[in-house]
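Subject: Handover of a protein structure

Dear colleague,

Please find below the structure that I am handing over to you. My notes on what was found in it follow directly after it.

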Amino acid sequence: MAKINRKLKIFCVVGARPNFVKIAPLISEMKKYPKLIQPILVHTGQHYDQAMSKEIFKDLGLPKPDIYLYVGSGPHAKQTAEIMTRLDDVIVREKPHLILVVGDVNSTLAAALVAAKLRIPVAHVEAGLRSFNENMPEEINRVLTDRVADFLFTTEHSANKNLLKEGLAKQKIFFVGNVMIDTLKDHLKKSQKSKILEKLKLKKGSYALLTLHRAEIVDKKEKLHLVSDILKAVSQKMPIVFPVHPRTQQKIREFEMEKDFQTPNLIITEALGYLDFLHLENNAKVVITDSGGVQEETTILNVPCLTLRQETERPATVKIGTNVVTNLNKEKILREINLILKNKFKKGGIPPLWDGKAAQRIVKILERYNQFWSEN
Ligand code: UD1
């Protein structure tokens, strides 16, 4: 066999909280092969708060980013353009062999576009998920990132089908499982040491956990009113813990709705670190959310999940797991909560390859291709 003559220099680009969770197992897997792979962690700075970024990095044991772009918040076009401009300079200077992006945030699309223009191969982890709702900025990011990616790493069968339907080449698609679950499995034991339940005076299995941040819900006053109405009803049945995302906090303030979210039995906290949040999730009676990652985590934890959106781009969590899509339909939510309280909620299973080994599979594939590129 020909000798491998290059070490694969991979830019691992992250920007927002869920990216950090997905990149952690990939970086640690790549670091097992120091002679073959050189991962370079690039943080765009899309999320910059202590709670949204530094705390999560610490909990996940992620190294300090090698490159930080200080982009910050802004309207979508500006934020995306700023990431592109700053990243372009760095890529031209550092000459990575591959750009790896995860998920569906603005940083994902921006990095993929820059790489494609510079003709550097792009790997997209969590490719092919589709909500078919183009009012979600994430859907636009997903479709366009996949269009320019050379490696499409998928988490569930629906993603493979979506990509094929869009005409993307079969050879580019690799069904590898879910890196978010790798991280969960790596940290579940550690999370059990969290003191968050004592701190919030909650008993295991007795509360609801709520997360809410999607623009299509929190940026609309009438939808936030529906949410507050739902919370009032649910909080009659059990306490609700609500770690508030900065976007949501801002919108509640902007719409002067602070009073609507002051309900007895509704415990509001700042955004939490990964370990505290995972501990709350694992011990909740029910999780109510609009997040994608939380739908997947609850499926693995076997905790009932009610998704406040009209659809999900992660159908495996509904077909196989513990997720039910309720939209902002109060009657439906209360019906499901009653089933949960009577232990009659649907039983969930585990989607294929959500086994904690997705990062291993991805790194093996990239390493094999590097050998091929080096030899040809
Ligand atoms: C982003 C992603 C979304 C992901 C979410 C997870 C896009 C389009 N959206 O949404 O897919 O699920 O992250 O958290 O990329 N802010 C802070 N501190 C921070 C970060 C943000 O205060 O550390 C505030 C900013 O004022 C900003 C707002 O939150 O205007 C929104 O931030 P942004 O990164 O644009 O989108 P998210 O809503 O967080």
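Which residues does Glu216 touch, not counting residues up to four places away in sequence? Glu216 touches Met136, Lys223 and Arg309. This residue is found in helix α9, which covers residues 215-218. Glu216 counts as buried because its relative accessibility is 10%, and the cut-off for buried is under 20%. Please keep in mind throughout that the model is predicted.

The protein as a whole

The protein has 376 residues, and a compact globule of that length would have a radius of gyration near 21 Å; the value for the protein is 21 Å, so the two agree. Along the principal axes, the C-alpha atoms fill a box of roughly 65 × 40 × 40 Å. The protein contains 16 helices and 13 strands. Buried residues account for 58% of the 376 residues.

In soluble globular proteins, nonpolar side chains tend to be buried together. In this model, the largest nonpolar core has 56 residues, of which Ile23, Leu26, Leu100, Phe153 and Leu280 touch the most other members. Helix α1 (residues 17-30) gives the most to this core, with 7 residues. Leu100 shows how parts of the sequence come together: leaving aside its neighbours within four places in sequence, its contacts include Ile10, Phe11, Ile23, Leu26, Met30, Val125 and Leu366. A second, separate core has 29 residues, among them Ile230, Leu231, Val234 and Leu306.

Helix α2 and its surroundings

Helix α2 spans residues 50-60, and its buried residues are Ala51, Met52, Ser53, Ile56, Phe57, Asp59 and Leu60. These buried residues pack against helices α1, α7 (179-191), α11 (246-254) and α12 (274-282), and against strand β2 (37-43). Just after α2 comes Gly61, with a positive phi of about 65°.

Two residues with positive phi

Most residues other than glycine have a negative phi. Phe132 has a positive phi, near 60°, and lies in the loop between β5 (122-125) and α5 (137-148). Is Phe132 buried or exposed? Phe132 counts as exposed because its relative accessibility is 62%, and exposed means over 50%. Glu256 also has a positive phi, near 50°, and its place is in the loop between α11 and β10 (266-270). With a relative accessibility of 68%, Glu256 counts as exposed.

A residue of helix α7

Lys185 is found in helix α7. With a relative accessible area of 45%, Lys185 is partly exposed. Leaving aside its neighbours within four places in sequence, Lys185 is in contact with Trp354, Asp355 and Gly356. Lys185 and Leu301 are 116 residues apart in sequence, while their C-alpha atoms are 9.8 Å apart in space.

Yours sincerely

Conventions. Residues are numbered from 1 along each chain as its sequence is written. This is a predicted model: local features need pLDDT of at least 70, side-chain atom pairs count only at pLDDT 80 or more; totals for chains, interfaces and linings use all residues. Side-chain values use heavy atoms; hydrogens and water are left out. A nonpolar core is a set of buried Ala, Val, Leu, Ile, Met, Phe, Trp, Tyr and Cys residues joined through side-chain atoms within 4.5 Å. Buried means under 20% relative accessible area, exposed over 50%, partly exposed in between (1.4 Å probe, protein chains only). Helices (H or I, at least four residues) and strands (E, at least two) are DSSP runs, numbered from the N terminus. Contact means heavy atoms within 4.5 Å. The radius of gyration is taken over C-alpha atoms; the globule rule is 2.2 Å times the number of residues to the power 0.38.
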